[in-house]
Amino acid sequence: MDAMESTRKRGGSAAWRRTSVLANHLSAQTHEDATLSLERIPCLAYNPPETASVKGLIDVVAMRQLMDGHDVDLRDEVYNLMANEKLFQLKKVGGQVYVGPDYNEPFQLQRYHTMQRIYFLRDKGLFKGELTDDSFERAFRKLAIHDCLAIFDHSLGIKLGVHFQLWGGAVKYLGTQRHHDRWLQDTEDYVVKGCFAMTELGHGSNVRGIETVATYDPSTKEFIICTPCESAQKYWIGGAAEHATHVVVFSQLHINGKNEGVHAFIAQIRDEQGRNCSGVRIVDCGHKIGLNGVDNGRIWFDNVRVPQENLLNSVSDVTPEGHYVSSISDPDHRFGAFLAPLTAGRVTISVSGIYQSKLGLATAIRYALTRRAFSLSPNEPEVLLLDYPSHQRRLLPLLAKTYVMSCAANDLKKIYVKRTPSDSKIIHVLSSSYKAMFTWHNIRTLQECREACGGQGLKTDNKIGQLKAEFDVQLTFEGDNNVLMQQVSKALIAEYLTSKKKGKPLKGLGLEHINGPPPVLSSDAGFSLRDKNFQIALFHLRERDLLQRLAQRVTQLTSKGSSTTDALVLQSHQLAEDLGWAFTERAILEIFLSVEKEAAGPNKDILALLRSLFVLVLLDEEPVFLRYEYLSPQQSRAIQEEISKLCSEIRPYSLALVDSFGFPSSFLGPIASDWIEANSWKNV
């Protein structure tokens, strides 16, 4: 009992001592806190990207002229026209107005606003001469206007592209004077609203296989257009769901029991009150992952009759008595001539893909020059994102690629605008290859820019993430990219085999380099990976070797009974794909070398850095260079080291390079400017 009492007292004494220590500590702390003033930790401050960039070395005005290629002043006028009109304004943060569509609107409202913007632009005279002025000056002007409108909103660009380039282009280039007199001015004035019905539920890239049928009735001098089965319904027809009044419908032409192949006809699908015409059924395609400002629709034709003169007859015609006539007897050549004028869509899509890459890079790089993360040591400022080599490696190679591709896109526009009939082959091959490469590049660039901006990349206000959804469609419309690359390889192999058969040197498509001896690459360890002669020789070697390998394989397979298509597409698809890339990358490198040669001063030096980064990144990314031993493993390792050096050398000029794209701040997302102010409480 005495022991227990003693233990209790000792425990109580220990508890008392602990309580006393705590009380004294708290008393002292209270006294100390009363004598010290609290100091605020300073908040992060926004510093403009100019404070982290080299100034003055790049001639931004000259570089922008290089990037846009033409009509720079007109582009600024169009930008300003939209920025100052409430119909195009999205929000105002502080003193900064941001323009763009509201992607959070229901798709019905997005469509309504797209139409209101079209009417506004029409009334401002932007479409004057779109189809009736054939001068080179007007052709370049309309391409510049289209560039600007698509930068504002892809839906606006596509809606107008379908109306002017597809519907209007089909009437102009597939039709003749009677069609021009009847339709072109009303189309230009947006009185007639046209759409373009080629794609079907069952057929997209394979235009020859479409199932809609047009049969001629000589007794009434009319064509009867019919959707014979569900897979023949016209699908994804832009403008059809709500607004279009007329359509160019592609159908198999049946004359006297014979199928003469695919032809195009004009048909009215709505009357002046917006009601469907007799025999026309239309259904809305509904909500999409992007492009919701465009009213895509599905169309069925139930024996719809159109006059004999509604056949677009520049290639072939049907007489009133029902006789089929054409100046081109070979059906394959006739089909090629029939589709040749429709390459405008692939040209503008190629260019548009590059401009969207520029938008993503301008936003992501400006943000990376102002956003910091982590300190390298205590009490030191956090490091700018673009000062991390890993961040440079993810964005600056894409910037270099965009510069090279932009120059190639401008060159393609020049070829297209000034085209002659002899240019049809080169335009087809270049527009197919560029459309595939540039749109794939665009989606990859937007994805990388989205990730490089972290959570801010998810906000639709900042555009990058939403642009991915808006432009994803470019990979498949106007030709699936994989199919287009197959067409490129098919054209190249045909040129090569024909030249061999005739015993004549190759001429055209840039293949003349194959006529001479193969290039010999230096094995000297001291050679420069930045040497333009080495770079172009390596690209020539790859294209030459792949073309010869593919020709040999196709020849072997056809000698054993395979068709050329079977041998190329089914049994040699990887080799054909590699050749398509080799051709495209060689072509755009040659264009950039010519641009670089004409440049002057510091711009010339920067272009050389971008060209070397473009080339070396391709060498690092594409397994074909090691697969066929165009490069050694030792060279491959050296290339990776050189890429890092190039990125660090380009980094100080990155702001000037994206400023040379010429976008007003109102067309970029808020994170491209003062993102702290944009997210402050007063701007909620």
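Mentor: Start with axes: they are lines fitted to C-alpha atoms, for helices over the stretch in contact, and angles run from 0 to 180 degrees between N-to-C directions. Helices (H or I, at least four residues) and strands (E, at least two) are DSSP runs, numbered from the N terminus. This is a predicted model: local features need pLDDT of at least 70, side-chain atom pairs count only at pLDDT 80 or more, and totals for chains, interfaces and linings use all residues. Residues are numbered from 1 along each chain as its sequence is written, and side-chain values use heavy atoms, without hydrogens and water.

Trainee: Why are α9 and α10 called roughly antiparallel?

Mentor: Helix α9 (residues 344–368) packs on helix α10 (residues 389–417) at about 150°, with the axes 9 Å apart. Angles under 35 degrees count as roughly parallel, over 145 as roughly antiparallel, 65 to 115 as roughly perpendicular and the rest as oblique. The pair is therefore roughly antiparallel. Their crossing is left-handed, meaning the near helix is turned anticlockwise from the far one by less than a right angle.

Trainee: What makes the contact between α9 and α10?

Mentor: Contact means heavy atoms within 4.5 Å. Residues of α9 including V347, I354 and L361 meet residues of α10 including L395, T402 and Y416. The contact residues divide into 16 nonpolar, five polar and two charged.

Trainee: How many of the 684 residues count as buried?

Mentor: Buried means under 20% relative accessible area (1.4 Å probe, protein chains only). By that cut-off, 53% of the 684 residues qualify.

Trainee: How many helices and strands are in the protein?

Mentor: There are 21 helices and 15 strands.

Notes:
Ala, Val, Leu, Ile, Met, Phe, Trp, Tyr, Cys and Pro count as nonpolar, Asp, Glu, Lys and Arg as charged, and the others, Gly among them, as polar. Buried means under 20% relative accessible area, exposed over 50%, partly exposed in between (1.4 Å probe, protein chains only).
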